Amino acid sequence: MIRFDNVSKSYPKQTRPALRDVSLDIAKGEFVFLVGSSGSGKSTFLRLVLREERASHGQVHVLGKDLAKLSNWKVPHMRRQLGTVFQDFRLLPNKTVAENVAFAQEVIGKPRGEIRKAVPQVLELVGLGGKEGRMPGELSGGEQQRVAIARAFVNRPALLIADEPTGNLDPQTSVGIMKLLDRINRTGTTVIMATHDQQIVDQMRKRVIELEQGRLVRDQSRGVYGYQH
Amino acid sequence: MRAQFVMSEIGVGLRRNLTMTFAVIISVALSLALFGGSLLMRDQVSAMKGYWYDKVNVTVYLCTKNDAALDSAAGNAPAAAGAPGTAAAPAAGNGKPCSKGAATPEQKQGIERELKKMDLVQNVMYESSDEAYKHYKERFGHTALASVVTADQMPDSFRVKLKNPEKYEVITSAFAGRDGVQSVADQSMELDNLFALLGTLNWAALGIMMIMLIVALLLIVNTVRVSAFSRRRETGIMRLVGASGFYIQVPFIMEAAVAGLIGAGFACGMLGAGQYFVIDHGIALREKLQLINFIGWDAVLAKLPLVLVIGLLMPSLAAFVALRKYLRV
């Protein structure tokens with residue numbers, strides 16, 4: 001699903017590379033936590049997977065494709081197989097819940113009939129059945145994140161990328177979101193989640209990849225947030 | 001891609017930047033009106049050229065007795081009797097072309113023979129001083145000057161019609177300064193001055209158009225940039241869910257295209273209004289200057305599609321280029 005071969009990434013005007021010689025493999029259907037302090041390279045890792053950046057060295061394979069060889073105009077097609085969720089939800093404030101989710105299908109040219117069927121279905125799945133007509137501003141943070149997850153998942157991506165999805169939520173709401181992500185993972189969707197939330201990582205007991213100053217320092221199945229020193 | 005969705009996005013975008021949209025519309029309208037205007041001006045000039053060159057003659061004025069007397073007397077001004085109303089270019093070389101006396105019948109015959117032999121010449125018409133006097137009386141009889149002019153002051157002349165009026169120099173160089181020839185006048189020289197003036201005006205219009213066009217393009221680039229910035233949230237989400245670059249860019253390009261098309265529409269309106277109010281009615285140049293053969297509506301209408309197409313394509317292209325920079329996909 002995802003393979004990094006000796007990947008390094010350095011940004012211009014920065015002496016220290018953001019990622020240094022990272023190699024790893026993530027199989028289909030896995031649930032992976034990406035942990036590390038701020039500036040450890042988590043975001044760069046996710047940006048490389050989304051092909052918002054290209055690796056400076058090494059190869060990044062996503063969904064069986066070498067992203068270095070993927071031409072620019074094919075990138076949108078690749079991204080349609082990825083879903084993305086962010087800490088700040090990134091919803092459109094002037095569109096209703098249903099319209100926000102439908103937007104993800106409209107902009108890739110899905111037929112209207114299909115959208116009308118898929119949107120209520122996925123909203124039901126994330127536990128927002130009946131809130132189709134609400135505006136994002138009227139919803140709680142947890143509900144807004146559920147809309148974002150619904151939008152990421154409505155096109156049934158093979159891979160869901162979540163960048164600190166619980167970063168703005170209280171612990172109880174976060175548990176609900178994690179349960180939702182776990183459920184999505186159980187449908188066969190690979191989930192990569194970058195997080196700082198120690199409690200969640202420790203509870204879920206999933207694979208943990210830790211980055212530190214751009215290096216891969218730990219790759220542990222059924223891991224916890226930090227070493228017990 | 002769904003048209004309704006795209007159209008509503010365009011409407012939202014245009015309203016969001018209403019002031020900038022107006023600026024784009026106005027500058028596109030002005031630059032395209034100048035562009036169309038200078039195209040029409042070019043048509044007008046060539047219409048006038050065709051019309052007037054067709055009518056003008058090269059005139060070879062022959063020496064009269066008066067001319068001979070004047071030229072024989074030392075240090076005299078050039079002959080007064082160059083047919084009034086035309087430009088009498090003094091014959092080259094000899095400052096006193098008629099010092100050898102009035103043109104003799106032999107000289108006249110020689111000139112006529114040679115004129116008729118020239119390939120360039122379409123026909124030659126002899127105008128005697130009596131005829132010239134008669135024509136002069138017809139045209140200027142009511143003026144004070146006409147009452148003092150007498151028939152023997154009017155020179156005999158050959159009116160020469162050329163096949164290609166722009167080659168008048170050939171006649172001038174062949175006959176000016178010849179015995180018995182007072183001067184060779186070419187009316188098209190005056191026309192040339194007029195056409196040169198019109199040509200300069202046309203270039204000035206084109207220059208202003210270029211400046212307006214640059215202003216319009218800069219405004220479009222800026223509008224697109226503002227538009228892309230104010231919609232970065234939408235475009236960011238579009239990118240994330242895998243909308244194609246084209247799909248993301250189309251609303252912005254269409255916005256610019258719609259604004260440009262409205263501007264081009266105004267430009268067409270201005271051209272039409274110019275034709276209507278300046279030439280046909282209002283100032284009504286067509287009636288007041290009947291000497292000039294003005295262009296008609298067919299010429300104006302022929303320019304409108306070009307103006308509209310440029311008004312549509314130029315902003316779209318500018319938006320497309322601007323988006324490559326400001327809307328990374």
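This is a predicted model: local features need pLDDT of at least 70, side-chain atom pairs count only at pLDDT 80 or more; totals for chains, interfaces and linings use all residues.

Analyst: Annotated spans and nonpolar cores

Residues 203–224 of chain B are 100% helix and 0% strand, with end C-alpha atoms 31 Å apart (helices, H or I, of at least four residues and strands, E, of at least two are DSSP runs numbered from the N terminus). Residues are numbered from 1 along each chain as its sequence is written, while chains are lettered from A and ligands numbered from 1 in the order written.

An unreviewed UniProt entry annotates residues 21–41, 203–224, 260–279 and 300–323 of chain B as "transmembrane region"; such annotations may be inferred rather than shown by experiment. Residues 300–323 of chain B are likewise 100% helix and 0% strand, and their end C-alpha atoms lie 35 Å apart.

The largest nonpolar core comprises 114 residues, among which Val101(A) and Ala150(A) have the most contacts inside it (a core joins buried Ala, Val, Leu, Ile, Met, Phe, Trp, Tyr and Cys through C-beta atoms within 7 Å; buried means 20 or more other C-beta atoms within 10 Å of the residue's own, placed from the backbone). Helix α10 (residues 245–280) of chain B contributes the largest share of this core, 12 residues. Beyond its neighbours within four places in sequence, Val101(A) is in contact (C-beta atoms within 7 Å) with residues including Val119(A), Val122(A), Ala150(A) and Val154(A). A second, separate core of 20 residues includes Val58(B), Tyr61(B), Phe158(B) and Val160(B).

Methods
A residue is buried if 20 or more other C-beta atoms lie within 10 Å of its own, exposed if 12 or fewer, and partly exposed in between; C-beta atoms are placed from the backbone. Two residues are in contact if their C-beta atoms, placed from the backbone, lie within 7 Å.
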